[in-house]
Amino acid sequence: MLRAAVAAKTPLGIKAKEAMDNGQLVSDGLVVGIIDEALKKPSCQKGFILDGFPRTVVQAEKLDEMLARRGVKVDKVLNFATTFGWVFSGSLHSRRFCCVSPRRAPLTT
């Protein structure tokens with residue numbers, strides 16, 4: 001949703017891109033706003049998946065507040081538990097470029 005908002009150059013996507021271009025994290029409020037925008041799309045009317053969000057209690061609280069305003073309830077949560085080595089060797093280890101910019105991402109093991 002974040003990448004789509006940035007690519008579509010929505011007002012919130014532009015703010016998110018500014019933060020990323022400056023090497024900052026996109027604020028929780030901005031991410032929740034982008035999710036709120038995305039939930040208005042027809043593709044989300046039957047449900048949606050949030051991959052990697054929320055990650056903190058504060059993010060979860062902001063998400064809960066936004067969903068409550070929309071009258072939406074979370075009915076399923078999936079938690080994939082695995083060993084760090086498997087995740088690292090399967091995804092992070094092979095990633096050579098930063099997802100925000102085309103420069104090489106530093107990899108240390």
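Predicted model: local features only at pLDDT ≥ 70, side-chain atom pairs only at ≥ 80, totals over all residues.
Residues are numbered from 1 along each chain as its sequence is written, and side-chain values use heavy atoms, with hydrogens and water left out.

**Helix H3 and its packing on H4**
- Within H3, the buried residues are Leu30, Val31, Val32, Ile34, Ile35, Asp36 and Ala38.
- H3 (residues 28–38) packs with H4 (residues 57–70) at an angle of about 35°, and their axes are 10 Å apart; axes are lines fitted to C-alpha atoms over the stretch in contact, and angles run from 0 to 180 degrees between N-to-C directions.
- Asp28, Gly29, Val32, Ile35 and Asp36 of H3 make this contact with Val58, Gln59, Lys62, Leu63, Met66 and Arg70 of H4.

**The protein as a whole**
- The secondary structure comprises five helices and zero strands, helices being DSSP runs (H or I) of at least four residues and strands runs (E) of at least two, numbered from the N terminus.
- Of the 109 residues in the protein, 21% are buried.
- Among contacts with a separation of 6 or more, 41% come from residues 24 or more positions apart.
- The accessible surface is about 8800 Å², with 58% of it belonging to carbon and sulfur atoms, as computed by the Shrake-Rupley method with a 1.4 Å probe.

Definitions and conventions. Contact = heavy atoms within 4.5 Å. Buried < 20%, exposed > 50% of the residue type's maximum accessible area, 1.4 Å probe, protein only.
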